[in-house]
Amino acid sequence: MARRAVERELSRERILEAARHLFITKGYRAISMRSIGQHLGYSHGSLYYHFKEKAELFYAIVMKDFNDLAMLLHEVSGRSPGLGHSKIEQLLLEFVRFGLDHPYQYEIMFMIRDEELLAYCRTEQSRCFDMFSSLVRKHLLEDEFSEEERHHLPLTLFLATHGFISFYIQDRVSFEDIKPAATAHVKALCRSFYSKVQDTPV
């Protein structure tokens, strides 16, 4: 097969998926463009058609995963809440679903400890939290919360939800596997301010 045809066949998405898995399971420093190519069954030269270097490939993974989460949360925020859930509860549950059903993505986005790699993630982490905060605040009644409460509440919810995901993600369970526990956790988080949420469940 001609080189150009091989390069086109090896899609950017396949490379991202394989590299994401290898970075998480073996570590960023242990993986090279050559080893990613071998994992895919292609020469590493085929990867350079899409990415100039490993760092560019890692950053592309970070950008794609954060963009996917942002699109999901915006879509959920505009959706009518499910029976028995407030808008905020629905938002938190879908955040948990994303983390548990996409563990490799979530670990790269929020659980990487390597300082070199964190440099690629911090900006996107901040953007993600700002978006999450704005969506949470949108569903709060402004006249029932002080400015300080509106400022701190999204962080409290974010950290508590992240903690739940971090606890279960190590067992590689799906959202459906622990859906009752996730629902109970989210409802416990929101119970104290149900009366101040715009879309209080009936």
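**View 1. The span listed in UniProt as a DNA-binding region, residues 32-51**. An unreviewed UniProt entry gives the name "DNA-binding region" to residues 32-51, and the view shows this span in what is a predicted model.

**View 2. The surroundings of I36, a residue of the largest nonpolar core**. Once neighbours within four places in sequence are set aside, the contacts of I36 are with A19, L22, F23, I31, L47 and L57. I36 is also listed, together with F23 and F110, among the residues with the most contacts inside the largest nonpolar core.

**View 3. The largest nonpolar core, which has 60 residues**. Inside this core, the residues with the most contacts are F23, I36 and F110. At least two core residues come from each of α2 (12-26), α3 (33-40), α5 (54-77), α6, α7 (103-111), α8 (115-138), α9 (147-169) and α10 (179-191). The largest share, ten residues, is supplied by α5. Because domain 1 (9-52) and domain 2 (59-194) both contribute residues, the core lies between the two domains. In soluble globular proteins, nonpolar side chains tend to be buried together.

**View 4. Helix α6, residues 87-101**. Of the 15 residues of α6, 13 are buried, so the helix is largely enclosed by the rest of the structure. The distance between its end C-alpha atoms is 21 Å, which agrees with the 21 Å that its 15 residues should span at 1.5 Å a residue.

View 5. Q90 counts as buried because its relative accessibility of 8% falls under the 20% cut-off.

**View 6. The chain as a whole, with ten helices and zero strands**. Read from the N terminus on, the order of elements is α-α-α-α-α-α-α-α-α-α. The chain has 202 residues, of which 45% count as buried, and its accessible surface comes to about 10,600 Å², with 52% of that area belonging to carbon and sulfur atoms. When contacts in the chain between residues at least 6 apart in sequence are considered, 72% of them join residues at least 24 apart.

Terms used:
Residues numbered from 1 in each chain as written. Predicted model: local features only at pLDDT ≥ 70, side-chain atom pairs only at ≥ 80, totals over all residues. Heavy atoms only, no water. Helix = DSSP H or I, 4+ residues; strand = E, 2+ residues; numbered from the N terminus. Buried < 20%, exposed > 50% of the residue type's maximum accessible area, 1.4 Å probe, protein only. UniProt positions renumbered as here; feature names shortened; annotations may be inferred. Contact = heavy atoms within 4.5 Å. Areas by Shrake-Rupley, 256 points an atom, 1.4 Å probe, with all protein chains shown as cover. Core = buried A, V, L, I, M, F, W, Y, C linked by side-chain atoms within 4.5 Å. Domains from an automatic or database assignment. Expected span 1.5 Å × (residues − 1).
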